[in-house]
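Trainee: I have this one open for the first time. Please walk me through it.

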Amino acid sequence: MKSKMQKIWATVGVTGLIALALFGNLIYMNLRDADPILPGWEEYSPARFAELMARDEPVMVEIYASWCPTCLLQHRAFETLQKEGRAPRIRAVRVDFDRDRSFIEEHGYRGTGLIVVFRNGREVERAAGLTSADDIAAFLVDQGIS
């Protein structure tokens with residue numbers, strides 16, 4: 001009987017290790033806290049966004065979720081741009097994909113990891129999956145933002 005129980009526990013242990021190896025990152029991404037907002041950025045609020053849209057200046061919006069691996073890499077890339085003194089000179093707003101559902105639905109966004117540029121109250125360009133500082137900087141330069 002003791003030998004049978006040891007085999008069962010060994011099987012459970014091996015199965016657990018395999019599951020952890022396969023799904024550990026997924027579990028981590030779903031349980032981790034949101035990245036802190038970057039200096040100079042704003043959390044989305046409907047009133048503030050409407051105010052920014054009324055101005056004659058571009059606004060960059062990041063569609064973000066704490067469980068999104070692309071968003072984590074984008075956050076690190078934006079941190080790199082700031083550390084290197086290459087942070088874009090633009091109003092930046094972070095929209096939480098899960099919390100700010102009315103914004104997401106109003107604009108028809110279907111995923112996370114998006115960087116969107118607005119001008120004169122309208123979306124002019126978006127890019128998905130940019131995860132390196134150089135790619136983000138190049139995208140923004142293409143939009144006339146340095």
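Trainee: Is Glu43 buried, exposed or partly exposed?
Mentor: Glu43 is partly exposed, at a relative accessible area of 36%. Buried means under 20%, exposed over 50%, and partly exposed in between, with a 1.4 Å probe and protein chains only. This is a predicted model, in which local features need pLDDT of at least 70 and side-chain atom pairs 80 or more, while totals for chains, interfaces and linings use all residues. Residues are numbered from 1 along each chain as its sequence is written, and side-chain values use heavy atoms, without hydrogens and water.

Trainee: Which residue forms a salt bridge with Glu43?
Mentor: Arg99 does, with the closest N and O atoms 3.4 Å apart. A salt bridge here is a side-chain nitrogen of Lys or Arg within 4 Å of a carboxyl oxygen of Asp or Glu.

Trainee: And what does the pair tie together?
Mentor: Glu43 is in strand β1 and Arg99 in the loop between β3 and α4 (101-107), so the bridge links parts 56 residues apart in sequence. Helices (H or I, at least four residues) and strands (E, at least two) are DSSP runs, numbered from the N terminus.

Trainee: Which other salt bridge does Arg99 form?
Mentor: One with Asp100, where the closest N and O atoms are also 3.4 Å apart. Asp100 is buried, with a relative accessible area of 9%.

Trainee: How many salt bridges does the structure hold?
Mentor: It holds 12. One of them joins Glu51 and Arg55, at 3.3 Å from N to O. Glu51 is partly exposed at 39%, and Arg55 is partly exposed at 29%. Shared partners connect Glu42, Arg48, Glu51, Arg55, Glu57 and Arg91 into one network of salt bridges.

Trainee: Change of topic. What pairs with β3?
Mentor: Strand β1 (residues 41-43) pairs with β3 in the parallel sense over 3 bridges, and Glu42 stands opposite Val93 there. Strand β2 (residues 59-64) is also parallel to β3, over 6 bridges, with Met60 opposite Ala92. The chain gets from β2 to β3 through helix α3 (residues 69-83), a right-handed β-α-β crossover. Two strands pair if DSSP finds at least two bridges between them. Right-handed means that, with the strands pointing away from the viewer, the path from the first strand over the helix to the second runs clockwise.

Trainee: Why is β3 largely enclosed?
Mentor: 5 of the 6 residues of β3 (residues 91-96) are buried, so the rest of the structure largely encloses it.

Trainee: What about the whole protein: how many helices and strands?
Mentor: There are 5 helices and 5 strands, and from the N terminus they run α-β-α-β-α-β-α-β-β-α. The protein has 146 residues, of which 38% count as buried.

Trainee: Where is Asn120, and what is its phi?
Mentor: Asn120 sits in the loop between β4 (114-119) and β5 (122-128). Its phi is positive, about 50°, although it is not a glycine. Most residues other than glycine have a negative phi. Asn120 is exposed, with a relative accessible area of 55%.

Trainee: Last one: is Trp9 buried or exposed?
Mentor: Trp9 counts as exposed, at 58% relative accessibility. Trp9 belongs to helix α1 (residues 2-31).
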